[in-house]
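Subject: Structure for you to look at

Hello,

Here is the structure I said I would pass on. Please open it beside this email, and read the notes below with it in view.

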Amino acid sequence: MESHISKSKNRWIATAASIWIQAIIGASYTFSIYSPILKSSQSYDQSTLDTVSVFKDIGSNAGVLSGLLYTAVSSGHNRYGVPWVVHVVGAVEGFLGYFFIWLAVVGLIPPLPVPLMCVFMFLAAHSQTYFNTWNVVTCVQNFPDYSGTVVGLMKGFLGLSGAILIQVYKAFFKGNPSTYILMLALLPSIVSLSLMYLVTLCPDKTSEDKNHLNAMSIVSILLAAYLMIILILEDIIVFPEWARLLTFLTLLLFLSLPLKIASEAKNKEKPHPIEKSEPLLLYDEYGDLDDEPSQESMNLMEAAKSLNFWLLFVTMLCGMGSGLATINNMSQLGQSLGYNTSKVNTLVSLWSIWNFFGRFGAGYISDFLLRQKGLSRPFVMAIALAAMTVGHVIIGTGFVGNLYIGTILVGICYGAQWSLMPTITSEIFGVLHMGTIYNAIAIANPLGTYVLSVWVIGHIYDKEAGEGHNSCFGVHCFMLSFFILAFVSFMGFLVALILFFRTRVFYRCVVLRRLCYSLKR
């Protein structure tokens, strides 16, 4: 028992370490910061830049390999082992990808052919999936009663990482986006390799879990509020060098607080060993309750045979695809509406804040609604997609200020899907192969983004710009594109409603099971 207690205390330190890693691996969300120099240095038109961007999206979402690797190193006798293989693979991929992109941008090597640039962009972004898979799945298993909250925290800090990385860039490399690319090659790899031994799998339940997780949640909200204030101030006044350094040091102070909370939780915790529970009921292909196969035994192939898998996949195809297409074209969208570079960068940074509130808020609120009201997570997902539809319409109208309002709605709703989808996956298909299944569903994100970015936004933009022109100015450049995006996200809303009605009885079983466990304790 003493060995078990010792291990279980480390789950709080593992959570703090996971938060730090998540906070610096979201380089893919800052593509708009260095996309202009990538476009000019490599002589790309908008459609070519969007194609490179899509490979970034494929890399950051096609995490099936990371899921399979996670399952391999965390199963059987390796279940409580050290995930050094997962982290090393991610660190190597990230360094190689961004380093060769940097070499091409600064001219140390000749401009890369588009296919080769796409390969390096894929590698750079794909590294994120290794860190993210281990952190998310480990936390879900370490805190089984609060999976929505911990996924919201992990995905929330990943969403904030865009704003955090930009603050690092502004503090030390202001006005030099090529150096920023080099920073992306070094910083995430160094930090993740330094912390990888702390992220351990040690599941447990105690009565104090909610209090400590709430404390970490408050820290994350305060950090997001601080970053939002800084971003707004930067849009109003010019920060001197000492002020930028001070804001960066304050940022580090906020990031240190999860470790303080984790240390206190580790000292106070009195663990209760987790009892083996009966498998949850599943739906068969006709929507009827069925108990074969057990949800804990479903692998990717078994999950892919169920209708619920494809309903969730199509929902992500519509929602995530339209959301990511928006952020990928934020720079060109701002320029077409007359926003200067500073305002465009502020929009990109604020997207990270809205992304965070969506990720954290959806996870926390869905936990509350499931426990207190019996409302399932697919219901929350449907509401998010309905709001995203409104956001796309607002952006498409192009009136003054609408870009800010629209990106707030789209950013929050896009983030919400990233915390809801992994949690829904773990509850319907089980945690044993969760990393593989939810990463397979996440492939819907780049697929949807490719169609919407390249074949919709890119083609319409180039057509509006006119032959021989790489730039377009005016509301007409993106209006039709965003009305199409609004229609796509509305279709996602309808599919999410179908998933909600199919699983509503299933989620009642989840609530009853957790209630029975609490009464038993």
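Which element gives the most to the nonpolar patch? Helix α5 does, with three residues. Please keep in mind that this is a predicted model.

The nonpolar patch

The patch lies on the surface and is formed by Val92, Phe95, Leu96, Leu186 and Ile190. Together these residues have about 400 Å² of accessible area. Two elements give two or more residues to the patch: α5, which covers residues 84-106, and α8, which covers 177-195. Phe95 is a residue to look at here, and it lies in helix α5. Its relative accessible area is 31%.

The chain as a whole

The chain has 521 residues, and 59% of them count as buried. Its secondary structure consists of 19 helices and two strands. Among contacts with a separation of 6 or more, 84% are between residues 24 or more positions apart. The accessible surface of the chain is about 19,800 Å², and carbon and sulfur atoms account for 70% of that surface.

Helix α7 runs over residues 147-172, and Gln167 is found in it. Is Gln167 buried or exposed? Gln167 has 6% relative accessibility, so it counts as buried, the limit being under 20%. Leaving out neighbours within four places in sequence, Gln167 is in contact with Leu227, Ile230, Leu231, Glu234, Thr247 and Leu251.

Lys155 is found in helix α7 as well. Lys155 counts as buried because its relative accessibility is 1%. What does Lys155 touch, if residues up to four places away in sequence are not counted? The list is Gln22, Asn132, Val136, Arg359, Trp418, Ser419, Pro422 and Tyr438. Lys155 can also be compared with Leu420: the two are 265 residues apart in sequence, while their C-alpha atoms are 9.8 Å apart in space.

Cavities

Rolling a probe the size of a water molecule over the atoms shows where empty space is left. How many cavities of 30 Å³ or more does a search of the whole structure find? The search finds four. The largest cavity holds about 110 Å³ of space. It is lined by 14 residues, and those nearest its centre are Ile25, Tyr98, Ala124, Ser127 and Pro188. The elements that give two or more residues to this lining are α5, α6 (114-142) and α8. Helix α6 supplies the largest share of the lining, five residues. Helices α5 and α8 were already named above, for the nonpolar patch.

The second largest pocket

The second largest pocket contains about 400 Å³ of space. Of the 21 residues that line the pocket, Tyr169, Lys174, Thr341, Ser342 and Asn345 are the closest to its centre. Elements that give two or more residues to the lining are α2 (31-41), α7, α13 (330-336) and α14 (341-373). Which of the elements has the largest share of this lining? That is α14, with five residues.

That is what was found.

Regards

Technical notes: Residues numbered from 1 in each chain as written. Predicted model: local features only at pLDDT ≥ 70, side-chain atom pairs only at ≥ 80, totals over all residues. Heavy atoms only, no water. Helix = DSSP H or I, 4+ residues; strand = E, 2+ residues; numbered from the N terminus. Buried < 20%, exposed > 50% of the residue type's maximum accessible area, 1.4 Å probe, protein only. Contact = heavy atoms within 4.5 Å. Areas by Shrake-Rupley, 256 points an atom, 1.4 Å probe, with all protein chains shown as cover. Patch = residues over 30% accessible without salt bridge, like charges linked within 9 Å, V, L, I, M, F, W, Y side chains within 5 Å. Salt bridge = Lys/Arg side-chain N within 4 Å of Asp/Glu carboxyl O. 1 Å grid on protein atoms, 1.4 Å probe; cavity = no way out; pocket = protein on both sides within 12 Å on 5 of 7 lines; lining within 4 Å. Points joined across faces, edges and corners; volume = space filled by probe spheres on them.
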